Amino acid sequence: MIVRPQTADDVAKLVKYIVKNGLEFTIRGGGHDMMGRSQAQDAVTIDMRDIRYVKISEGKRTATIGAGINMIQLQEELDKEKLATTVGNVGHVGYTGWAIYGGYGFFNNNFGLGVDNIVGAKVVDSGGSVLDTDEHPDLLKGIRGAGGAFGVIVELRIKTYHVESILAGWVFFECQDVGSVFDNMCRNFSQLLEEDFPNEIGVSLMTTTGPMGRMCGVSFVSSFEDEEKARPWLAKIEKLGTCVMNTVETTTPLKYLHAQSAFGFNSAYGTCRTANLLSLSKVAGKLGDIAESLPAFSGPALVIHMIRGPSTDVCNSSVFANRRPHFLVELIGTSDEESQAQDTVKWAHISRSTLQHADPDNSLPGTYVSLDMSGELTYENLFGTNLPTYKDLKVKYDPKNVFMQPFSLIKI
Ligand SMILES: Cc1cc2nc3c(=O)[nH]c(=O)nc-3n(C[C@H](O)[C@H](O)[C@H](O)COP(=O)(O)OP(=O)(O)OC[C@H]3O[C@@H](n4cnc5c(N)ncnc54)[C@H](O)[C@@H]3O)c2cc1C
């Protein structure tokens with residue numbers, strides 16, 4: 001059964017009914033969990049998509065949002081007020097599902113991770129009560145990293161930033177010999193980071209197979225108010241390889257999100273694996289090999305996100321563990337053809353293991369729960385030194401472990 005509540009009170013009634021009758025259930029936001037953890041056979045789906053309002057505060061520093069909203073719907077409202085917030089790379093992903101377990105995206109180095117931008121929440125607990133973090137401040141720390149482990153989030157209050165325009169797009173490189181191009185791109189980019197690279201610029205490195213064949217490039221997003229400050233860095237990015245195309249232009253966060261979202265498929269088979277690396281240059285050769293071995297059909301991709309700046313501040317107000325400057329490596333092992341899924345999943349598994357074993361000191365423990373399989377994670381990996389806080393909050397707010405996703409398979 002799929003239920004689409006319209007209000008927080010509807011969610012409260014629904015949770016009471018589900019718990020009283022001992023029904024299995026899942027919570028669905030944008031529906032983009034790569035492991036399908038927001039759907040289950042013969043369970044009730046609490047589909048949050050109809051709860052999706054945006055109320056901007058008077059000073060325009062925060063917005064109160066319905067938890068079922070996706071990134072594009074949110075940014076549509078923020079754009080009208082020349083505002084932005086940290087968002088992910090694909091606009092159809094649910095904002096809440098994305099933000100509560102980390103929230104990587106192109107504004108991270110300037111504005112922080114998704115978890116860091118949540119300043120308040122309303123949650124329906126297992127007894128059907130609507131808890132407000134203004135009255136339960138300890139719960140806010142748990143939601144920032146452990147998200148739905150305490151109840152159904154029905155509303156978030158998030159930080160917003162004045163952003164009139166951004167300088168954003170892709171720089172693509174000639175990539176006939178993709179292995180050495182990707183290897184060099186990683187080495188050259190690592191050198192660039194040593195030149196006081198500004199936090200206002202978010203960069204991801206990527207290779208995939210598009211309709212015209214293999215593509216290798218860098219996404220570039222500058223949130224500098226004065227875009228002239230970004231242009232010298234764009235010129236340096238163009239020199240990471242032999243530039244064959246540059247789509248970087250003055251745009252808005254909304255237009256850029258739309259453009260990014262056009263990259264994805266409507267459906268895909270396969271899985272995703274992740275690795276958190278401290279240095280790219282140390283494993284640049286391996287990353288080149290992984291790029292080279294990418295299955296040559298549309299679907300699989302190697303994407304590397306850079307995490308610096310406020311996302312790496314020691315943050316006592318969240319249980320999210322990975323606070324060291326690092327690179328999130330996404331090994332997207334998917335295909336739009338079911339028959340090809342096995343090959344691409346195999347590539348993702350092997351590649352992750354290669355990166356982990358190449359230099360164990362270069363890897364942060366664990367993976368990113370939102371883009372990886374819970375079965376290989378531990379609670380220790382997920383929450384690090386915040387594990388005792390998570391456990392205390394769980395005992396206090398969900399002692400019967402009614403809310404298990406996406407952590408249900410994690411080894412204790
Ligand atoms: C195409 C694609 C692109 C992606 N890009 C990025 C990216 O750039 N950066 C990044 O960090 N991640 C990215 N991800 C991962 C994505 O952020 C996570 O999978 C996220 O959890 C998806 O949220 P959702 O609401 O769309 O998914 P859902 O499948 O609906 O939900 C995901 C999880 O969150 C829980 N949840 C959702 N809403 C609520 C709620 N209101 N209350 C309690 N629990 C809730 C669900 O139960 C489930 O466990 C991407 C995934 C895909 C498929």
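**Glycine 97**

I looked up glycine 97 and noted that, at 41% relative accessibility, this residue counts as partly exposed. For this term, buried means under 20% relative accessible area, exposed means over 50%, and partly exposed lies in between (1.4 Å probe, protein chains only). Glycine 97 sits in helix α3, residues 95-99. Helices (H or I, at least four residues) and strands (E, at least two) are DSSP runs, numbered from the N terminus. I then noted a separation of 8.1 Å between the C-alpha atoms of glycine 97 and aspartate 33, which are 64 residues apart along the chain.

**Basis of the entries**

The model is predicted: local features need pLDDT of at least 70, side-chain atom pairs count only at pLDDT 80 or more, and totals for chains, interfaces and linings use all residues. Residues are numbered from 1 along each chain as its sequence is written, and side-chain values use heavy atoms, with hydrogens and water left out.

**Residues 1-163**

I consulted the UniProt record, an unreviewed entry, which places the feature "domain: FAD-binding PCMH-type" at residues 1-163. UniProt positions are given in the numbering used here, feature names are shortened, and annotations may be inferred rather than shown by experiment. Over residues 1-163 I found the chain to be 26% helix and 25% strand, with the end C-alpha atoms 41 Å apart.

**Positive phi values**

I noted two residues under this heading. Aspartate 42 is not a glycine, yet has a positive phi of about 60°. Aspartate 42 belongs to the loop between β2 (25-28) and β3, and counts as exposed at 75% relative accessibility. Lysine 82, also not a glycine, has a positive phi of about 55°. I located lysine 82 in the loop between α2 (71-80) and β6 (83-84), where this lysine is partly exposed at 41% relative accessibility.

**Salt bridges**

How many salt bridges does a search of the whole structure find? The search gives 16. A salt bridge is a side-chain nitrogen of Lys or Arg within 4 Å of a carboxyl oxygen of Asp or Glu.

I examined the bridge between aspartate 50 and arginine 4, whose closest N and O atoms are 3.2 Å apart. This pair links distant parts of the chain, 46 residues apart: aspartate 50 is in the loop between β3 (44-47) and β4 (54-56), and arginine 4 is in the loop between β1 (2-3) and α1 (8-20). Aspartate 50 is partly exposed at 28%, and arginine 4 is partly exposed at 38%.

I next examined aspartate 116 and arginine 323, a salt bridge with closest N and O atoms 2.8 Å apart. Aspartate 116 lies in the loop between α4 (108-111) and β7 (118-124), and arginine 323 in the loop between β17 (301-307) and β18 (326-335), so the pair ties together parts that are 207 residues apart in sequence. Are these two residues buried or exposed? Both aspartate 116 and arginine 323 are buried.

Aspartate 134 forms a salt bridge with arginine 157, the closest N and O atoms being 3.7 Å apart. Here aspartate 134 is in the loop between β8 (130-132) and α5 (137-146), while arginine 157 is in strand β9 (residues 152-159), 23 residues apart. Arginine 157 is partly exposed, at 26%.

I also recorded a network of salt bridges that links Glu227, Glu228 and Arg231.
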